[in-house]
Amino acid sequence: MTTATARAYPNIALVKYWGKQDEDLILPVAGSLSLTLDAFPTTTTVALDAATGTGTNTGIDTFSLNGAVASTDATGRVTRFLDRVRELAGSETRATVTSTNEAPTGAGLASSASGFAALATAAAAAYGLDLDRRDLSRLARRGSGSASRSLVDGLAVWHAGDDAHSYAEAVAGPDMRMVIVTVDTAQKAVSSRAAMRRTALTSPFFPAWISSTEESLAAMLEACAADDFTRVGRITESHALRMHAVIQSCDPPIRYLAPTSVAVFDAVAALREQGLEAYSTADAGPNVAVIVRPEQAEDLRDALAGFGSVRLVGAGDGARLIDAGA
Ligand code: PMV
């Protein structure tokens, strides 16, 4: 097969990944847990150049995103990822990669997760690799750590460990919905990659972050197994604020939450007092994702509509091939 198309959805972590123990292999300092969404997909086609007639000797991969030629940086990341795939496949053939992304890129809506999950799935098929879901998760991890979790349907735990054992797999847990409050779609000022490195190097709280994340993950797995939405929610919100605290504590400091993000956290806390049980989280950006029981989801969406654009989403599928091509 020389052309393949895959679709993947972003995921939002309820126990966050923040910090690497190995930068090349992208091994996290601790495990994490997320919900794969049913909205904002990335669809990616990988066409090997031999098949498209553009020749294998040009020495470059090409990458277009949402109809435009991607930046040198973005293309470099795709090429480095494809180099890993080519190494596994024993191939030197370059590829044309065409991607469309329905979420605003770089705004903390995990477009790198859906992007590398779709790219891993499409590239593995195009280059003829026969990988199971676990190995696809390990491969996607090499593009962006959080992408390992977008291979999995619904709730996913990504294990820390060595290269062979650091993959994501499904966990059962409470049925929930999420309201995504987009307060700002601008590209973030500091990439999560750079910010993670700075946090690890300069935050005096980093060792405590690692040990408390391990504890949060163990508690979260228990809460999921017990189908306990309240406990899942409490861990989600406090863990998100701990991640933002450790990020703010680095030197020079980085602050991803905007005043409106904080207002959403406060509004959700006030709604809880009134019986609408919901809990907030935010990734490396100002947008807030709020989990809620299915029966209260529409009330929550309506209550948060004044803070930005709101979108009610649910649990979605892990990355899939949608066209195996020729
Ligand atoms: O996969 P990366 O390098 O984009 O890191 C994502 C980190 C967070 O989104 C902030 C947390 C997480 O677990 O997804």
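Helices, taken as H or I runs of at least four residues, and strands, taken as E runs of at least two, are DSSP runs numbered from the N terminus. The structure is a predicted model, in which local features need pLDDT of at least 70 and side-chain atom pairs count only at pLDDT 80 or more, while totals for chains, interfaces and linings use all residues. Residues are numbered from 1 along each chain as its sequence is written.

The protein chain is assigned domain 1 (3-172) and domain 2 (177-313), bounds that come from an automatic or database domain assignment. The centres of these domains, taken over C-alpha atoms, are separated by 24 Å. Across the interface, 27 residues of domain 1 are in contact with 37 residues of domain 2, where contact requires C-beta atoms, placed from the backbone, to lie within 7 Å. On the side of domain 1 that touches domain 2, strand 2 (11-15), strand 5 (32-36) and strand 10 (155-158) each supply at least two residues, and the largest share, four residues, comes from strand 2.

The ligand has 15 residues around it, of which Ala13, Tyr17, Ser144, Ser146 and Asp283 come nearest; a residue is near a molecule if its C-beta atom, placed from the backbone, lies within 6 Å of it. Domain 1 and domain 2 each provide at least three residues of this shell, and helix 3 and helix 5 (192-202) each supply at least two.

Helix 3 (residues 111-126) also packs against helix 4 (residues 133-143), the two axes coming within 8 Å and crossing at roughly 125 degrees. Here axes are lines fitted to C-alpha atoms, for helices over the stretch in contact, and angles run from 0 to 180 degrees between N-to-C directions. Helix 3 and helix 4 are therefore oblique to each other, since angles under 35 degrees count as roughly parallel, over 145 as roughly antiparallel, 65 to 115 as roughly perpendicular and the rest as oblique. In their contact, Phe116, Ala117, Leu119, Ala120, Thr121 and Ala124 of helix 3 meet Leu136, Leu139, Ala140 and Gly143 of helix 4.

Helix 2 (residues 72-89) packs with helix 3 at an angle of about 40 degrees, their axes being 11 Å apart, which makes helix 2 oblique to helix 3. Val78, Phe81, Leu82 and Val85 in helix 2 meet Phe116, Leu119, Ala123 and Ala124 in helix 3.

Note on methods. Contact = placed C-beta atoms within 7 Å.
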